[in-house]
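Please look over the sequence and the model together before reading on. The report below is meant to be read with both in view.

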Amino acid sequence: MQNPHPYRRSSPQPHRPALPGDFLIPGTLLYHKELFMKALLEAVQPGDKDWNLVQAIDPTRLPAHIAVIMDGNGRWADRRRLPRVAGHKAGIGPVRSTVETCARLGVKVLTLYAFSVENWKRPRAEVETLWRLLRYYLKHELPDLQRNDIRLQAIGRLDALPPQVRRELESGVEATSSNRGLLVNLAINYGGRAEIVDAVNAVLDMARLDGSIASLRIDEDLIATNLYTATSPDPDLLIRTSGEMRISNFLLWQIAYAELYVTETLWPDFTRADLLQAVLEYQKRDRRYGGLSGAPAGRPTSGAGAASDDSLIAALRSS
Ligand code: FPP
């Protein structure tokens with residue numbers, strides 16, 4: 001496994017330089033940034049039901065990082081009078097199509113919430129089915145991930161996973177570690193609060209080790225660089241299926257400025273079209289990061305904006 005302590009600060013992954021002609025390898029999903037969405041256009045032809053959605057996407061304004069709360073598996077099964085685990089099993093197909101579509105679109109990072117630190121509260125049989133499905137996914141998807149240059153990573157408190165699951169996960173991570181296309185983060189035994197606690201403890205451990213603990217001051221950068229996702233950009237778009245308006249302890253630090261998209265669709269029914277709809281909705285949003293629409297970053301020091309600010313402040317002072 002490339003990072004045996006995922007909660008420790010990890011160094012950025014070395015990326016293979018692009019090779020001349022390394023744009024699109026026939027039969028694979030490989031893409032190059034100058035050929036945005038070419039791979040997606042190959043998969044969707046005029047007349048296909050998703051054609052109009054693909055055409056509407058602006059390839060210059062794609063989210064770099066999409067995070068997904070895959071919810072609604074149990075309800076999907078209930079509605080069919082099936083056991084809950086049938087819903088989880090049906091959730092594998094959308095995982096596969098979401099990974100493929102993100103790779104074809106040219107998204108850089110996809111983070112999927114597969115198992116939360118709270119999910120241990122579920123019946124043992126359900127938890128065991130989730131591990132079996134994860135192992136099934138790793139075994140059957142690995143060749144495709146390799147072929148398509150997709151890198152797998154796991155985030156969360158992985159020490160607590162059943163040893164066999166952990167071994168197979170580590171070997172999938174290791175096997176794909178030199179790929180340079182889409183990064184798929186599987187959040188497993190993951191909790192946003194736990195991640196922040198682990199980051200702070202990693203900082204404290206380092207400071208104890210190098211003797212700087214007495215003068216240690218924590219700042220945002222120190223926390224961010226010790227999160228499990230330290231080497232990835234923060235999510236631009238957070239998708240939640242099944243209509244629940246909750247964050248459920250997912251990427252609490254990283255989603256500070258993410259655009260939220262909640263769909264009523266249950267995860268097992270989530271299709272390529274649903275993902276493309278979410279990206280289109282994202283592209284309509286005006287991301288201000290607490291600033292003003294279209295305004296340059298920082299408080300204006302000259303110009304009309306600054307003058308009116310200054311006269312307002314002067315008027316307040318004299319009143
Ligand atoms: C939430 O639905 C879903 C989960 C807790 C598990 C997600 C797992 C998968 C989609 C399958 C395996 C994934 C991978 C990456 C191989 P829920 O059970 O809470 O649904 P409910 O709210 O309707 O009960």
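## About the model

This is a predicted model, in which local features need pLDDT of at least 70 and side-chain atom pairs count only at pLDDT 80 or more, while totals for chains, interfaces and linings use all residues. Residues are numbered from 1 along each chain as its sequence is written. Helices (H or I, at least four residues) and strands (E, at least two) are DSSP runs, numbered from the N terminus.

## The shell around the ligand

Around the ligand there are 20 residues, and those that come nearest are Asn73, Gly74, Arg75, Gly91 and Tyr137; a residue is near a molecule if its C-beta atom, placed from the backbone, lies within 6 Å of it. By kind, the shell holds 11 nonpolar, seven polar and two charged residues, where Ala, Val, Leu, Ile, Met, Phe, Trp, Tyr, Cys and Pro count as nonpolar, Asp, Glu, Lys and Arg as charged, and the others, Gly among them, as polar.

At least two residues of this shell come from each of helix H3 (73-79), H5, strand S2 (109-116) and helix H6 (124-147). The most is given by H6, with four residues.

Strand S2 is mostly covered, since seven of its eight residues are buried, that is, they have 20 or more other C-beta atoms within 10 Å of their own, with C-beta atoms placed from the backbone (exposed means 12 or fewer, and partly exposed lies in between).

Two strands pair if DSSP finds at least two bridges between them. Strand S1 (residues 65-69) runs parallel to S2 and is joined to it by five bridges, with His65 standing opposite Val109. Strand S4 (residues 183-190) also runs parallel to S2, joined by seven bridges, and Tyr190 in S4 is the bridge partner of Ser116.

## Two positive phi angles

Asn189, which is placed in strand S4, has phi near 50 degrees, a positive value in a residue other than glycine. Asn189 is buried because 22 other C-beta atoms lie within 10 Å.

Ser242 lies in the loop between S5 and S6, and its phi, near 80 degrees, is likewise positive in a residue other than glycine. Ser242 counts as buried because it has 21 C-beta neighbours inside 10 Å.

## Helix H10

How far apart are the end C-alpha atoms of helix H10 (residues 272-284)? They are 19 Å apart, which agrees with the 18 Å that its 13 residues should span at 1.5 Å a residue, the expected span being 1.5 Å times one less than the number of residues.

The buried residues in H10 include Arg272, Asp274 and Tyr282. Among the elements that cover the buried residues of H10 are helix H2 (51-56), helix H5 (92-105), strand S5 (237-240) and strand S6 (259-262), where contact means that two C-beta atoms, placed from the backbone, lie within 7 Å.
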